[in-house]
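Thanks, everyone; I would like to take a few minutes to walk through one model, going from a single side chain out to the sheet. Please have the view open as I speak.

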Amino acid sequence: MFKALEHYNYLHQIPELGFEEFQTSAYIGDELEKAGFKVTRNVNNTTGIVAELDSGRPGPVLVLRADMDALGHIIDGVPCARHTCCHDGHSSVVLAAAQTIIAEGTVKKGRLKLIFQPAEELGAGALAMVEGGVLDDADMILGFHVRPLDECPLGQAVPAMYYSASATVEAVISGVPAHAARPHLGVNALDAAAAAVQAVNAIHLAPDLTYSAKATRLLCDAGVTNAIPSEALVYWDLRTQFNEPMTTLKSKVIQAIESSAAAFGATVKVQVLKEMPAAVIDEEMTTLIAESITEVLGKEGLMEPKMTPGSEDFFHYPRQRPGVKAGFWGLGANLTPGLHHPEMRFELAALETGVKIFKTCVNKILG
């Protein structure tokens, strides 16, 4: 009845960055209100939306979550927003599922809540929604993500995606400017930055842990080629499969950066800009999702749970509200060449499969 593809075709044309999803949020809110949901906009002074359907009968409170933001890219030298992580697809699936559920009277007990969340890519959207109280009355929350082809092809789905923890570390290294002919009079911030990158590369955790720490951005320019640069800005991306090792990794990275700067006589300001926790997934929710996938796609469509080095701010929800049972699944869509690639593509037929799986999950819990 309600086509996720129609929503997708519109949302894909209006990509908006985190906390700037004004057109996206307006469209989704309007569609939900027309369907008959009670809609709350601008949750916690953001573009976030919460919609609710109350059956009027006792039962659990189930939340479905979708993210709305696009990614920032520089393409042909021009900064732009582009949907290269399928958040337009996620919103389209949950929106179409919600419209179908209310039209067909699927919810017969308890309450269904829908979260359309901003700023997943910034790692701040889920936290903003939690602070806005969206989970204060929730019992369960379900989310999903379209998967790359090498993880899950079209016609299959993963009942549990175990995402890794991640953190973004920023270092502002300050030296002393000087003429390049007299380097002894200055402190070269570029040298200190290069040493910091190598020092972080030399960090080791226990061999049985899965982790990485690598520099992903370095900005340093004296403006000319014959002067000592006095400032360097460096960013690192940190990953650990589980939450506990991230604390150790962050500490070692910060120590390596600070020691490297000090060795060159530079000063440094280090801060952690963004963190996303590793997956916290409830086994009961995984079982329910697996049963729903099997009903929609058959036994051959059900894959085993998977680990991924990617990160998802969805997992702020169960970490901040540990009493809420969380499930997070992956939808096969023949996605290539990869998430966050400027030319990312996927099979749009997967959208309706996503609608069916969510609808089946809701029916099992609230039907």
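Predicted model: local features only at pLDDT ≥ 70, side-chain atom pairs only at ≥ 80, totals over all residues.

Let me begin with K250, which has its place in helix α6, the helix made up of residues 243-263. Is K250 buried or exposed? Its relative accessibility is 17%, and because the cut-off for buried is under 20%, K250 counts as buried. As for what surrounds this lysine, if we leave aside residues up to four places away in sequence, K250 touches A167, L238, V272 and E275. With one of these, E275, there is also a polar contact between the side chains, at 2.7 Å.

Turning now to the sheet, seven strands form an open arrangement with mixed pairing, and their order is β1-β2-β6-β3-β7-β17-β8. The edges are β1, residues 38-40, and β8, residues 157-158, each of which pairs on one side only. Within the sheet, I would point to β3, residues 61-67, and β6, residues 111-117, which run parallel and are joined by seven bridges; in that pairing, D67 has Q117 of β6 as its bridge partner.

Finally, the helices that lie across these strands. Helix α2, residues 22-35, lies across β1, β2 and β6, and runs at about 10 degrees to β2, which spans 49-54. Helix α9, residues 350-366, lies across β3, β6, β7, β8 and β17, and here the angle to β17, residues 325-335, is about 160 degrees.

Methods. Residues numbered from 1 in each chain as written. Heavy atoms only, no water. Pairing = 2+ DSSP bridges. Helix = DSSP H or I, 4+ residues; strand = E, 2+ residues; numbered from the N terminus. Contact = heavy atoms within 4.5 Å. Axes fitted to C-alpha atoms, helices over the stretch in contact; angles between N-to-C directions. Buried < 20%, exposed > 50% of the residue type's maximum accessible area, 1.4 Å probe, protein only. Polar contact = N/O pair within 3.5 Å; in protein donor to acceptor, adjacent residues only side chain to side chain.
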